[in-house]
Amino acid sequence: MKKLAVYGVALAMLLSLCACDASDGQKNKDNAGNSASTSSNDVETNSNKDNGAFIVPTEPLSDLEQIDSTVTDTLIATGYSIDHASAIQEILNTVGITEIEIESMTGEAESGLNSVVCYPNGYTDKDRRFFFTTEDGVLFYAGFSGEDLYDSENGGFLKNYSDVHVPEKEVTLEVYGELQSLATSAVKQYLNYPDTADFGALDWKIGRSDEKYQILGKVTAKNGFGVKDDILFSVWFIANGTEYTVEGISLNGVRVK
C-alpha cells in the first residue's frame, strides 16, 4: 500500500511538472510574440527619425510666415537696443522701407540726437537716400528728397517712400553732346567778339531734373580792350521730346537771357 501511495504521489508530481512545462512554454511563446510586436512598433514609431540629429515629420506641415527682422538686425549692429531697433523697423516698414544700408550717423544710437542717412530697399543711387532722426534711440522723424515721411509731432505717418517723386537724372552721351553744341551757339550770341571764343574742352558739366537740363562751362574771349577774359557760363534747357529750348543763360553770374 505504501508503494502504491508513493507511486501515486510520484505520478501526480510528474503530471504537475508536465503541466508547468506546458504553461511555461505557452508563456514563452506569448512573451516572444509580445517582444516581436513591441519591436515592430518601435520600428514603426522610429521610422521617421531618418539618420539625422532630429525627428523629421512623416506628414507635411503647413507653411509658417517668415517674420522679417532685416532692419532691426542692421540697427542693432550700429548700437541701437533691440527695443528701439524693432520700434524703428515698425515705423520704417509703415512708410514703405523694408531694408536699409546705413551710410552715416551724426551721433550715437542710444544717446542724444542722431541723424541716420541710409540707402533703402536695395537702392544704391545717392538721390535715393533718405534719413531718419532719433532722440535717445527713439525715432521721431523720417524724410526723403525734401518730403516728410514720418513726424511724431504731426500725427506720425505722412507719406510712403514710393510716393515721393524722384526726378530723372540720367543724361546720355548723345544728349550731352547735343546740349554742348547748343550751349556753345547760345553763349556766342552774347559775346562781343564771338569769333575769339575758345570753349575749354574739360570745363563742361551737366545736370538734369526730369525735362530740365543745366549745362555749365568756361569760355575765353576778347573784351573791348583786346584782352582775353575767362567767362563762366550756365545755360538752361527744357526738353520737349527730342527738341531742346534755351530757357536761360548766365555769364559770370549775370543773367543775360
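# Reading a predicted model, feature by feature

Student: What span should helix α4 have, and how far apart are its end C-alpha atoms?

Tutor: Count 1.5 Å a residue: α4 has 16 residues, 173-188, so it should span 22 Å. The C-alpha atoms at its ends are 23 Å apart, which agrees.

Student: How many helices and strands are there in the protein chain?

Tutor: The chain has four helices and 12 strands. It has 257 residues, and 26% of them count as buried. Its accessible surface is about 17300 Å², with 52% belonging to carbon and sulfur atoms.

Student: How do I read a strand?

Tutor: In a regular strand the side chains alternate between the two faces of the sheet. Beyond that, look for the partner strand. Here β9 and β10 pair in the antiparallel sense over 11 bridges, and valine 219 has isoleucine 231 in β10 as its bridge partner. β10 also runs antiparallel to β11, joined to it by eight bridges; there, valine 235 is partnered by isoleucine 249 of β11.

Student: How many residues lie between the strands of each hairpin?

Tutor: Five residues lie between β9 and β10, and glycine 226 in that turn has a positive phi of about 80°. The hairpin of β10 and β11 has two residues between its strands, with glycine 241 at a positive phi near 70°.

Student: Which residues touch the most other members of the largest nonpolar core?

Tutor: They are Leu92, Phe130 and Phe132, in a core of 23 residues. At least two residues of this core come from each of α2 (70-77), α3, β2 (113-120), β3 (130-135), β4 (138-144) and β5 (147-151). The most come from α3, which gives four. Apart from this core lies another, of 20 residues, among them Val187, Ile215, Val235 and Phe237.

Student: Is valine 95 buried or exposed?

Tutor: Valine 95 is buried, because its relative accessible area is 1%, and the cut-off for buried is under 20%. Its place is in the loop between α3 (82-94) and β1 (100-105). Leaving out residues up to four places away in sequence, valine 95 touches Leu149, Tyr150, Phe157, Lys159, Asn160 and Tyr161.

Student: Where is asparagine 114, and what does its side chain reach?

Tutor: Asparagine 114 sits in strand β2 and is buried, with a relative accessible area of 0%. Its side chain makes a polar contact with the side chain of tyrosine 80 at 3.0 Å. The side chain of asparagine 114 also reaches the backbone nitrogen of threonine 106, at 3.3 Å. Not counting residues up to four places away in sequence, the residues asparagine 114 touches include Met105, Gly107, Phe132 and Thr133.

How values were computed:
Residues numbered from 1 in each chain as written. Heavy atoms only, no water. Buried < 20%, exposed > 50% of the residue type's maximum accessible area, 1.4 Å probe, protein only. Contact = heavy atoms within 4.5 Å. Expected span 1.5 Å × (residues − 1). Areas by Shrake-Rupley, 256 points an atom, 1.4 Å probe, with all protein chains shown as cover. Pairing = 2+ DSSP bridges. Core = buried A, V, L, I, M, F, W, Y, C linked by side-chain atoms within 4.5 Å. Polar contact = N/O pair within 3.5 Å; in protein donor to acceptor, adjacent residues only side chain to side chain.
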